[in-house]
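I opened this entry to look up the ligand shell first.

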Amino acid sequence: MPSTLFTPDARMAPYWWDHVPRPQLPERALPATADVVVVGSGYTGLHAALQTARAGRHTVVVDAEDAGWGCSTRNGGQVSTSVKPSLAVLARRHGAERAREILREGQRSLAWLGEFIAAEGIDCDFGVVGRFHAAHNAVQFDALVRAAQSQPAGLEVPVQIVPRSEQRRELGTDAYWGGVVYLHHASVDPARYHQGLLQRVQAAGAEVAARCPVTRLQPEDGGVRVTTARGEIRARQVVVATNGYTGALTPWLQRRVIPIGSYVIATEPLPAGLMDELMPSQRIVSDTRKVVFYYRPSPDRTRILFGGRVSVSETDPALSGPLLHADLVALFPALRDVRISHSWCGFVAYTFDELAHLGRRDGIHYAMGYCGSGVGMGSYLGMRIGQQVLGLPDGRTAFDGLSFQTRPLYTGKPWFLAPSIRYYRWRDRRNV
Ligand SMILES: Cc1cc2nc3c(=O)[nH]c(=O)nc-3n(C[C@H](O)[C@H](O)[C@H](O)COP(=O)(O)OP(=O)(O)OC[C@H]3O[C@@H](n4cnc5c(N)ncnc54)[C@H](O)[C@@H]3O)c2cc1C
């Protein structure tokens, strides 16, 4: 371990995996045929599979790694409305009514996830705790207040403005210029949620094959021939749910998603009383930087989980850990001597229009591109794409039929990422 900032037993793996180790699934032979094959066992894939398996379709979920190995057990567990572009931007691109429908889908995804977890009785520390969105300068605070006070009619959400003078009610730092609390936003233990979902998918009769990369998808009469490292399956329908890990298996999709690493550390347990001083409530936190920091207390309030993007190109968690620690200490100097117990990363999928996309191409269904906010939206659109596979009218979404854009010469390797991050960092440092 290169740095004394790490505890001697620090793990370069998600904190969540301490409590929910990766599931050891039995390595059974794959069936020769299936009604539905789902590629990817994160929230998107499992929700699609839950729909099709519960509707009686023989469903097989296949993952290249352990079940849930991707972002779905690595994330920060922050659940928001998940749509990044504003109403004005969406209206310019898609018309006023479609724009509203897209934003409503974001609100629905948040509400629906809470309802789903409650209805299924999944024990995963889900709570509507609210998100404190902190302004990193005065200009951004004014913009947050303006937005909170002029919410579009029919799309209003409960928001609380927190001026800088009252900020310590939310966070033990003066590094921000105030902020707003989105009261409906929620937090969850992402791995326990995934575990509960996986159990329900298996209970519904779906087979889940881990450590079994899919290497070829070949449309043919009546379905798709799915080639995997452990043999072939002839599937009537296929769902691709690979998000930030989308690769050469689906070149058309690979040209449309931009994989970006996101990095997180967990601190060792804090000294008594410090958590209540720094994070008096269980709220999740993010800030207005374009290269955002997102953080929260662990569900048991012993540690802080702090995430962000610390390097212009992808790096190793052993290197990103100390960089994140420096950013954490800049916000909370009292954490200077608190060490890192876990450091990890995962790949989210951005898109060129900053919207998620789902649809069907060459007979293959897909849902992906959550732009870093897929806990709610990935779950929701996974459920919807499952309904679309079943041909149900309920499967319709406001995202259907949106053009899924790429750019000339882009093949899935984002050469433009480093210059973009440098530019955004420069902007974050200026008062804009
Ligand atoms: C560090 C981090 C923090 C985040 N924090 C938040 C947050 O706080 N809130 C939020 O809303 N979102 C957050 N996200 C994003 C969120 O976790 C994702 O959007 C969401 O989990 C995507 O789920 P998914 O099922 O679509 O993809 P994933 O969970 O990434 O699953 C994709 C799976 O596809 C598999 N796969 C790929 N190729 C193949 C193949 N050829 N054959 C078989 N399997 C294949 C992979 O092995 C992987 O398991 C974060 C992400 C990261 C990395």
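I began with the shell around the ligand: strand E17 gives the largest share, three residues. I keep in mind that the model is predicted.

I then looked up the classes. The shell has 17 nonpolar, 16 polar and three charged residues. Of the 36 residues around the ligand, I find Thr44, Asp63, Ala64, Ser72 and Gln78 coming nearest.

A ligand oxygen is 2.6 Å from an N or O atom in the Asp63 side chain. A ligand nitrogen lies 2.9 Å from a polar backbone atom of Ala64. For Gly70, a polar backbone atom is 3.3 Å from a ligand oxygen. On its own the ligand has 1000 Å² of accessible area, and the protein covers 95% of that. Elements giving two or more residues to the shell are helix H2 (43–54), strand E13 (258–267), strand E17 (340–350) and helix H10.

I turned to H10, residues 374–389. Here 14 of its 16 residues are buried, so the rest of the structure largely encloses this helix. Gly391 follows H10 and has a positive phi, near 75°.

Then I went through the rings. I note 16 aromatic pairs in the structure. Trp112 and Tyr380 have ring centres 6.0 Å apart and planes at 65°, over the 60 degrees required, so I log the pair as edge-to-face. Trp112 sits in helix H4 (residues 96–120) and Tyr380 in H10, 268 residues apart. Both Trp112 and Tyr380 are buried. Ring pairs also join Phe293, Tyr295, Phe306 and Phe332 into a cluster.

Last, charges over rings. Arg74 lies over the face of Trp69, 4.8 Å from the ring centre. Arg164 lies over the face of Trp177, at 4.2 Å from the ring centre.

Methods. Residues are numbered from 1 along each chain as its sequence is written. This is a predicted model: local features need pLDDT of at least 70, side-chain atom pairs count only at pLDDT 80 or more; totals for chains, interfaces and linings use all residues. Side-chain values use heavy atoms; hydrogens and water are left out. Buried means under 20% relative accessible area, exposed over 50%, partly exposed in between (1.4 Å probe, protein chains only). Helices (H or I, at least four residues) and strands (E, at least two) are DSSP runs, numbered from the N terminus. Rings of Phe, Tyr and Trp (its six-membered ring) pair if their centres lie within 6.5 Å; planes under 30 degrees apart count as stacked, over 60 as edge-to-face and the rest as tilted. A charge sits over a ring if NZ of Lys or CZ of Arg is within 6 Å of the ring centre and within 35 degrees of the ring normal. A residue is near a molecule or strand if one of its heavy atoms lies within 4 Å of it. A polar contact is a pair of N or O atoms within 3.5 Å; within protein, one must be able to donate a hydrogen and the other to accept it, and residues adjacent in sequence count only if both atoms are side-chain atoms. Accessible areas come from the Shrake-Rupley method with a 1.4 Å probe; for residues, only the protein chains shown count as cover. Ala, Val, Leu, Ile, Met, Phe, Trp, Tyr, Cys and Pro count as nonpolar, Asp, Glu, Lys and Arg as charged, and the others, Gly among them, as polar.
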